[in-house]
Amino acid sequence: MTRDLLVLAPVRRALRFRPFQFLAIVPAALVVAVVVASTWFGIDHPGFNFGTVFTWVVWWGALLLSFVFLGRAWCLVCPIGAAGEWVQRLRLWGRSRYTAGLELPWPRRLRNLWLATGLFLVFVWLDNGYGMSNSPRLTAGLIAVLTLASAWIGLVFERRAFCRYVCPLTAFIGLNSLFSTLELRRREAEVCRADCATKDCYRGNATTYGCPMGEFPGGAMDTNLLCILCTECIKGCGHDNIGLRLRAPGRDLWAMRRPRADGAFAAVTVVGLATLIPLVTYAWLPKVRGLLAGVLPAGIPPNDPPRLVAVGLLFAIGLGASVALVYGFSFLSRRAAGARALPARALFVHYAYALIPLGLFKFLADLLDHALRTWGALGDVTRALLLDFPLNRTVAGRVTVVHLLGPVETYLIQILLLLGGLLFTLFALHRISLRLFDDREVALASFLPMAGLGVVLTLVSLWMLGAPLL
Amino acid sequence: MLRPLVRSVLLTTAAVALLGTLTIWTVDGPQALVSASPTAGSDGVKEFSIRVHAWGFSPRAIRVEPGDTVRFRVVSDDIQHGFAINELGLNLQLVSGREVRSPDVKVALPPGKYPIQCSTFCGLGHPSMKASLVVGNPGRTPGATVPWIASLLALAAAGSFAALAAGRREPGP
């Protein structure tokens with residue numbers, strides 16, 4: 001069941017309004033500007049700085065919830081991606097006949113998610129090794145570097161090459177958005193195939209741009225993976241054949257026609273970051289850091305080589321374990337189904353996407369706990385920011401503790417979230433198995449090992465979150 | 001030869017049980033309770049020294065009695081963290097290498113286990129960065145069953161592997 005929001009006249013008018021995206025970006029850009037000012041000039045402690053507290057409670061929470069309900073809506077309003085587009089188009093919203101950019105095509109070998117996933121891992125290592133999210137100055141520096149990279153790539157390459165191939169968050173955002181209850185798609189395939197000769201949704205026309213992400217909404221685009229909801233195709237389609245539909249959550253996970261290895265690896269990376277990688281790091285970081293301190297010169301954290309190497313090493317072990325587990329269970333799935341024609345690698349690529357809800361709901365469970373703990377601090381830092389707006393040099397004297405929910409109640413909600421993620425994963429795995437195998441018994445045989453992996457990862461998350469109470 | 005579904009159930013049971021056992025052994029070691037011994041101050045306040053690192057607390061459990069008055073001296077060994085016990089109204093913000101001392105707090109809580117948590121976003125392990133405040137005798141908790149669960153999982157894994165091996169030896173139809 002789907003419902004097309006574009007049949008509602010106010011929604012249609014708003015999304016076809018030329019400055020729509022610009023007007024959506026402006027508030028986000030203002031908030032990011034305040035965050036940058038407070039993190040760069042303000043108090044250099046993440047617990048007292050508005051920018052870091054806001055980022056890791058409000059922004060992070062809104063981002064995770066947007067995956068569930070709005071897909072890549074953050075990319076629609078992201079001022080970092082917009083910076084590249086603005087310098088390229090020399091316009092804030094209008095269709096320009098000129099460009100400031102070289103409009104070079106993105107290198108063919110890099111037209112995948114491998115680079116973005118690699119940069120995401122580097123970003124996560126820097127974050128956890130150097131404590132980037134733990135340092136207001138580094139947070140400001142990261143936003144500045146990403147904005148400059150977006151602008152530079154916008155000047156050299158065509159469309160939003162930064163957002164599609166380089167942004168360290170593109171795979172994370174795109175994959176989680178596969179779960180979304182919102183999708184932008186063509187309405188009738190036949191209209192695009194037979195009646196449309198111009199393909200304006202991809203190429204653009206005199207008044208609109210072609211898809212900035214290089215997608216073909218009237219053709220092959222069958223998932224939310226790369227759709228940033230910029231609404232350019234809605235404006236450009238001369239046949240009024242693009243819809244913005246509400247749908248059942250998670251449909252992309254099992255309905256995508258061509259799952260790819262780069263996306264599958266990125267999916268396992270995201271799920272690993274929510275489950276196994278923190279487990280390995282949590283269990284062994286002090287020991288491994290201690291061992292490395294015997295061979296590497298120790299420093300003052302975060303510039304502490306043994307710790308930096310230990311974090312990198314344990315991340316590699318955790319990621320390797322995640323990939324090995326999903327591949328191993330794909331192998332078991334193949335053995336169980338007796339599917340000689342289908343290699344384990346193919347099952348890995350198909351089934352990996354179905355694990356995404358496990359990661360997404362674990363992140364949501366983590367966020368719930370963090371937001372409840374730091375809700376009081378958000379009020380403190382906001383008051384401190386207003387006293388010295390926007391430089392945030394005033395220390396919020398103490399941190400207010402607001403007791404919104406007790407630990408047992410919080411844990412119960414986390415259990416519900418994690419079980420919800422597991423149910424979505426099991427459903428997606430089952431649908432994929434039915435697509436891969438005609439025989440229902442063989443499909444069930446292939447499904448069971450992957451379902452077992454989902455259950456184990458969920459139990460690991462439940463144990464990790466509940467350990468102090470159990 | 002086994003039917004696909006039977007083979008699948010046995011393979012899944014074996015793999016899941018083996019993985020579960022390994023995970024419990026990996027995590028339960030570092031999770032084991034190591035309690036802090038308080039030093040009794042001249043003012044009658046029980047004082048606890050705690051070291052904090054990404055992503056854990058040392059010790060992992062602090063035992064107090066209902067009605068105790070306690071004080072915490074907390075040092076972060078690496079990056080900046082928080083030390084929060086919401087039930088005691090405490091949220092200390094820590095700076096690397098510098099000791100932060102809490103105000104004296106009276107423990108007016110019923111017996112039970114309460115989480116001690118980091119309250120500053122400090123990376124991927126932040127959500128799991130917790131320790132326990134054990135007030136009085138909380139009785140038997142579900143965590144005590146973990147070694148039993150590990151043993152049962154190991155047995156299930158062994159049984160499934162044995163059944164799979166037996167199934168392979170049977171001639172096909």
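Biologist: In which strand of chain B is the place of B:Phe83?
Modeller: The model is a predicted one, in which local features need pLDDT of at least 70 and side-chain atom pairs count only at pLDDT 80 or more, while totals for chains, interfaces and linings use all residues. Residues are numbered from 1 along each chain as its sequence is written, and chains are lettered from A and ligands numbered from 1 in the order in which they are written. Helices (H or I, at least four residues) and strands (E, at least two) are DSSP runs numbered from the N terminus. On that basis, B:Phe83 lies within residues 82–85 of chain B, that is, in strand S7.

Biologist: Which element supplies the largest share of the side of chain B that touches chain A?
Modeller: The contact draws 53 residues from chain B and 59 from chain A. Strand S7, which holds B:Phe83, is among the elements of chain B that each supply at least two residues to this side. The largest share, 16 residues, comes from H1(B).

Biologist: What is the strand order of the open sheet in chain A?
Modeller: Strands pair if DSSP finds at least two bridges between them. S1 (residues 3–4) joins S3 (residues 242–246) through two bridges, antiparallel, with A:Arg3 opposite A:Leu246. S2 (residues 182–186) pairs with S3(A) over five bridges, also in the antiparallel sense, and A:Leu184 stands opposite A:Leu244. The three strands thus form an open sheet with antiparallel pairing, in the order S1-S3-S2.

Biologist: How are H9(A) and H14(A) oriented to each other?
Modeller: Axes are lines fitted to C-alpha atoms over the stretch in contact, and angles run from 0 to 180 degrees between N-to-C directions. H9 (residues 170–177) and H14 (residues 261–274) of chain A pack with axes 10 Å apart at about 90°, where A:Ala171, A:Phe172 and A:Leu175 meet A:Gly263, A:Ala266, A:Ala267 and A:Val270. Angles under 35 degrees count as roughly parallel, over 145 as roughly antiparallel, 65 to 115 as roughly perpendicular and the rest as oblique. The two helices are therefore roughly perpendicular.

Biologist: What is the radius of gyration of chain A?
Modeller: Chain A holds 20 helices and three strands, and its C-alpha atoms fill a box of roughly 65 × 65 × 45 Å along the principal axes. Buried residues make up 52% of its 470 residues. The radius is taken over C-alpha atoms, and the globule rule is 2.2 Å times the number of residues to the power 0.38. A compact globule of 470 residues would have a value near 23 Å, and chain A agrees, with 23 Å.

Note on methods. A residue is buried if 20 or more other C-beta atoms lie within 10 Å of its own, exposed if 12 or fewer, and partly exposed in between; C-beta atoms are placed from the backbone. Two residues are in contact if their C-beta atoms, placed from the backbone, lie within 7 Å.
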